[in-house]
Amino acid sequence: MKLIFEYEEETTEHVPDVDDNKERERTGKEAAAEDITIELPKDLMRKELPLPNVSEITVVRHYTNISRMNFGVDLGFYPLGSCTMKYNPKINEDMASLDGFKDLHPLSHESCIQGSLQLMWELEQDLTKITGMDAFSLQPAAGAQGELLGVMIAKAYFKQKNEKRKKIIIPDSAHGTNAATATMCKFETITIPSDSRGNMDIYKFKEVLEDDVALVMLTNPNTLGLFEENILEISDLAHTNGTLMYCDGANMNALFGITRPTDQGFDMIHLNLHKSFSTPHGGGGPGAGVLGVKSFLAEYLPLPRIIKEQDNKFFLDYTKQKSVGKVKYSYGNFGMLVRAYCYIKSCGTNIRKVSEHAILNANYLLNLLKDDYELPYNRRCTHEFVLSSRKFGEKSALNIAKRLLDYGFHPPTIYFPLIVREALMIEPTETESKETLDRFAAALKSIANEIKENPEIVKGAPYTKLVGRLDEVAAARKPNLRWIAFSQSDGKEDSEKKLYVKK
Ligand SMILES: *Cc1c(COP(=O)(O)O)cnc(C)c1O
């Protein structure tokens, strides 16, 4: 058995040659006595599989080693901007793995699941307090699905009012899902450029706000990590025009207890429980992109709704009035709801501190780094900030990201938002210590020096990882998703067996 990764020539330079493939390639000699034949029914027999003949511990080591090639927030700093890779407290996991939660059947009768219904109902209440909204649906499985639900609700709302509104206004700093969602729901999108302070250009906004605009989709704070300074004026103008205000709340980690989306004039918001509320994410795992709305939109939320009766009993209400239907089976990704609930209750009235510390950490790091790099929108940031490495040339952000791997850090988000050239979007989150932030800043400063003194080092990175520089386009277009046993290999070059390594 051979790992399908191929080393790049240079990367093996300082790596000692320890060949443990011999053991994995072992095959045992047939030891069965020849005259005892136990017949197996023909249809139960299968073709012999090309599996290596190795002991259990070899298999365990093999898979444990593979698992250690991955990077996660439990291993190190993960400042992936916009993704809010904060620490996931282990108590959340303990609570989510209680038998009553983990073995819950989605079709259980409501009389048997009162505790779970109560948990979801209370979670909805806590989220309404944090956002100011009046009602929540916990169904959507991701931020993108929360957006989809929000736009579907806007569509149903205007249809009910018999208004033909076909446009959605979105600033150019927005996450790609905003425009994708609008398009999926057959709206036209109008893109508004950002002004020199990183706000949506208010003059351009006024020009396009006509009476066929259904929705303004804004991210606040936006993807530059900046608070939208004209938000009150934008909301007023929109509402006077009969237009709804949708908040992409993926950055809500910056605002807990400081300001509520409804204070800013929003009518709807999705929250990413897997970002702001500490439930684990990455690798396409389950998420929760819950949607909150003001009372005049509550009837449009998906079914069932969780209702609390006078005698503290909970039930599921399937009465369809104006509901847009269902967006996910069951009540959403329930395990994530338990974790988020546990997180909110653990923070309690201190939840404002989460955001205060996230903002403090981000501004601290910003100030350590803005002179070595560039800060295109030079304002105090909220929970994240966007640097540019354009002074180091084309592709420098990519090279810096790869070089950071050698320093033991997960890279920040790069090339997003699209309005910043060579963007490095850094979100430290509140759960990192000052020492970690200092080490990270030192690494980025050191890389800036390397670029000046010996740029080839940075261009060839990473050197310490199992795979070197990948051909990312090929890897994305022709992903190699199949495991191939070495013993099937005829020893010839077979491009399918390789990860895409740029030569
Ligand atoms: C992450 C994110 C989204 C999409 O959320 P998913 O849960 O990944 O679908 C939308 N907008 C912004 C600003 C985000 O950061």
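This is a predicted model: local features need pLDDT of at least 70, side-chain atom pairs count only at pLDDT 80 or more; totals for chains, interfaces and linings use all residues.
Reader: Which residues form a nonpolar patch on the surface, and with how much accessible area together?

Author: One member is V59, which sits in helix 2 (residues 56-67). V59 has 31% relative accessibility, so it counts as partly exposed. The patch is formed by V59, Y63, I66 and M69, and together they have about 340 Å² of accessible area.

Reader: Is T219 buried or exposed?

Author: T219 belongs to strand 4 (residues 213-219). Leaving out residues up to four places away in sequence, T219 touches N178, D248 and N251. Its relative accessibility is 7%, and because buried means under 20%, T219 counts as buried.

Reader: In what order do the strands of the open sheet run, and which strands stand at its edges?

Author: The open sheet has 7 strands with mixed pairing, in the order 1-7-6-5-4-2-3. Strand 1 (135-137) and strand 3 (188-192) each have a single partner strand, so one side of each is left without a neighbour in the sheet. On average, neighbouring strands of this sheet are turned by 20 degrees against each other, direction ignored. The edges, then, belong to strand 1 and strand 3.

Reader: In what sense do strand 6 and strand 7 pair, and which residue stands opposite H270?

Author: In general, strands of a sheet pair through backbone hydrogen bonds, either parallel or antiparallel. Here strand 6 (residues 268-270) and strand 7 (residues 291-293) pair over 3 bridges in the antiparallel sense. The residue of strand 7 that stands opposite H270 is L291.

Reader: Which strands does helix 7 lie across, and at what angle does it run to strand 2?

Author: Let me take helix 5 (residues 114-131) along with it: helix 5 lies across strand 1 and strand 6, running at about 120 degrees to strand 1. Helix 7 (residues 176-184) lies across strand 2 (167-171), strand 3, strand 4 and strand 5 (244-248). Its angle to strand 2 is about 175 degrees.

Reader: Why is helix 13 described as largely enclosed, and what covers its buried residues?

Author: Of the 11 residues of helix 13 (residues 396-406), 9 are buried, so the rest of the structure largely encloses this helix. Among the buried residues are I400, A401 and L404, and also K402, R403 and D406. The cover includes strand 11 (413-414), strand 12 (423-426), helix 14 (434-453), helix 15 (455-460) and helix 16 (472-477).

Reader: How many salt bridges does the structure hold, and how far apart are the closest N and O atoms of R379 and E229?

Author: The structure holds 26 salt bridges, one of them between the side chains of R165 and E163 at 2.6 Å, N to O. In the pair of R379 and E229, the closest N and O atoms are 3.5 Å apart. R379 lies in the loop between helix 12 (351-369) and strand 10 (385-388), and E229 in the loop between strand 4 and helix 9 (231-240), so the pair ties together parts that are 150 residues apart in sequence. To end on the values, that is 26 salt bridges and 3.5 Å.

Methods. Residues are numbered from 1 along each chain as its sequence is written. Side-chain values use heavy atoms; hydrogens and water are left out. Patches are made of residues with over 30% relative accessible area and no salt bridge: like charges are joined within 9 Å, nonpolar side chains (Val, Leu, Ile, Met, Phe, Trp, Tyr) within 5 Å. Accessible areas come from the Shrake-Rupley method with a 1.4 Å probe; for residues, only the protein chains shown count as cover. A salt bridge is a side-chain nitrogen of Lys or Arg within 4 Å of a carboxyl oxygen of Asp or Glu. Helices (H or I, at least four residues) and strands (E, at least two) are DSSP runs, numbered from the N terminus. Buried means under 20% relative accessible area, exposed over 50%, partly exposed in between (1.4 Å probe, protein chains only). Contact means heavy atoms within 4.5 Å. Two strands pair if DSSP finds at least two bridges between them. Axes are lines fitted to C-alpha atoms, for helices over the stretch in contact, and angles run from 0 to 180 degrees between N-to-C directions.
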